[in-house]
Amino acid sequence: MKILMRADTHVSFALPAEEPKAKCTTSQILAALSVSMGSMVVGFASAYTSPALVSMLDRNQTSFDMDINQASWVGGIMPLAGLAGGISGGPLIEYLGRKNTILGTAIPFIVSWLLIACASNVWMVLAGRALSGFCVGIASLSLPVYLGETVQPEVRGTLGLLPTAFGNIGILLCFITGKYLDWSSLAFLGGALPVPFLILMFLIPETPRWYVSRNREDQARKALQWLRGKEADVDPELKGIMKSHNEAERSASRNAIRDLLKRSNLKPLLISLGLMFFQQLSGINAVIFYTVTIFKDAGSTIDENLCTIIVGVVNFGAVFVATILIDRLGRKVLLYISDIAMIITLMTLGTFFYLKNTGADVSNVGWLPLASFVVFVVGFSLGFGPIPWLMMGEILPGKIRGSAASVATAFNWLCTFIVTKAFVDLVGKFRPTF
């Protein structure tokens with residue numbers, strides 16, 4: 001999940017060079033925390049199938065039968081619906097506003113979890129996962145845009161990672177509670193998480209840039225003053241937002257597709273799509289969606305639920321390391337480090353499974369799957385986890401940001417669907433006892 005921008009070639013607003021370095025206000029922190037609660041809901045939804053499918057496939061703990069194909073759809077339908085949500089999110093953040101779009105996902109999130117928790121057949125579970133996925137798709141698009149338009153460039157590197165941190169808290173919470181709760185009780189817990197998110201979203205304003213796009217200068221000024229503090233002089237920044245918006249309006253055409261395909265816009269869009277592609281093809285969501293099952297199959301000497309919790313803890317802690325390094329080492333260096341770490345660990349894990357399946361004795365390295373997953377998750381969290389979303393807001397020009405972010409988010413969820421659906425299908429093909 002995903003997060004956002006710093007000052008760059010395509011800035012959302014401009015501060016005069018003579019201004020002192022901006023301070024991070026309490027209001028900005030509250031805004032970042034509020035939208036980050038949405039990321040926690042997204043993280044919990046993403047991790048739900050890992051502990052839940054184990055009990056859901058147990059006929060003693062359900063009132064309905066579920067086969068392997070249906071289980072793969074319980075995991076796969078969420079990112080597929082996320083694809084639809086990502087496509088819908090672009091127009092919604094432009095017409096309803098960033099805040100209202102985010103706020104509008106809270107109640108459907110609650111309804112989706114209640115559908116799952118009270119399910120008496122597989123179709124209710126699938127309906128709940130589809131609704132949840134649709135909201136996840138909208139949230140994964142709108143949360144970065146909101147942060148990018150409210151948080152100052154000087155603190156975007158730090159506050160921009162809060163949603164990733166909270167998303168990992170949601171994953172960790174799901175892993176820990178999933179050890180003790182069955183699929184239905186876990187879904188009831190999921191339904192409670194959007195409540196504080198809903199309350200906090202009422203406390204923060206719409207973004208100044210959206211108000212400017214609707215010619216509401218007074219409301220834009222009030223929102224900016226709330227974000228920067230009562231004593232801050234917001235006139236220069238507001239003028240920068242208005243100038244940026246006017247320039248974007250002058251150069252924009254009525255054809256959104258033509259705008260996206262302009263040479264000056266196509267390059268940053270392709271970079272963003274490429275980052276999303278490699279992020280998902282790393283297999284991270286196969287790991288998050290099916291961690292318990294993978295460890296169970298690996299025959300690790302450590303309990304599979306404990307292994308899953310350890311992975312969740314490491315996943316959460318790695319974000320803080322990324323927070324320290326992201327503005328010091330730069331995005332590109334961290335992507336290199338992330339990529340190398342994932343290549344090495346996946347090759348190691350693949351070799352372990354190959355040897356195990358060919359009958360080799362791997363009992364003396366039963367700890368290897370956990371070690372590989374830990375290093376894999378650390379590598380992912382340092383680079384390919386947060387940076388594709390961070391750079392999406394940094395490199396996309398303001399005039400196409402809504403439509404381009406919608407395309408990038410939809411593409412990300414398409415890749416996620418392919419990975420999560422194909423994983424169970426492939427494992428079931430080669431080993432039907434999955």
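1. Domain bounds here come from an automatic or database domain assignment. That assignment divides the protein into domain 1 (25–204) and domain 2 (255–433). The model under review is a predicted one. The C-alpha centres of domain 1 and domain 2 are 18 Å apart.

2. The contact between the two domains involves 43 residues of domain 1 and 37 residues of domain 2. The size of an interface is often given as the accessible area lost when the parts come together. Between domain 1 and domain 2, the buried area is about 3,400 Å², and carbon and sulfur atoms give 74% of this area.

3. Three residue pairs, with both residues at pLDDT 80 or more, are in polar contact between domain 1 and domain 2. On the side of domain 1 that touches domain 2, at least two residues each are supplied by α1 (26–47), α2 (49–56), α3 (68–95), α6 (122–150), α7 (153–159) and α8 (162–178). Helix α3 gives the most to this side, with 16 residues. Sorted by class, the side of domain 1 that touches domain 2 comprises 22 nonpolar, 16 polar and five charged residues.

4. Side chains of opposite charge can pair when their charged atoms come close. The structure contains five salt bridges. In one of them, the side chains of E149 and R98 meet at 2.8 Å, N to O. Because E149 belongs to helix α6 and R98 to helix α4 (residues 98–103), the pair ties together parts that are 51 residues apart in sequence. E149 counts as buried at 3% relative accessibility, and R98 is buried as well, with a relative accessible area of 5%. A network of salt bridges links E94, R98 and E149.

5. Another salt bridge joins E217 to R221, with the closest N and O atoms 3.4 Å apart. These residues are four apart in helix α12 (residues 217–228), so about one helical turn separates them. E217 is partly exposed at 36% relative accessibility, and R221 is partly exposed with a relative accessible area of 30%.

6. E237 and R228 also form a salt bridge through their side chains, at 2.7 Å from N to O. Both E237 and R228 are buried.

7. A further point concerns S184, which is found in helix α9 (residues 183–192). The relative accessible area of S184 is 15%, so this residue is buried, the cut-off being under 20%. The side chain of S184 reaches the backbone oxygen of A117 at 2.7 Å.

How values were computed:
Residues numbered from 1 in each chain as written. Predicted model: local features only at pLDDT ≥ 70, side-chain atom pairs only at ≥ 80, totals over all residues. Heavy atoms only, no water. Contact = heavy atoms within 4.5 Å. Buried area = accessible area lost by both parts, 1.4 Å probe. Polar contact = N/O pair within 3.5 Å; in protein donor to acceptor, adjacent residues only side chain to side chain. Nonpolar A, V, L, I, M, F, W, Y, C, P; charged D, E, K, R; others polar. Buried < 20%, exposed > 50% of the residue type's maximum accessible area, 1.4 Å probe, protein only. Salt bridge = Lys/Arg side-chain N within 4 Å of Asp/Glu carboxyl O.
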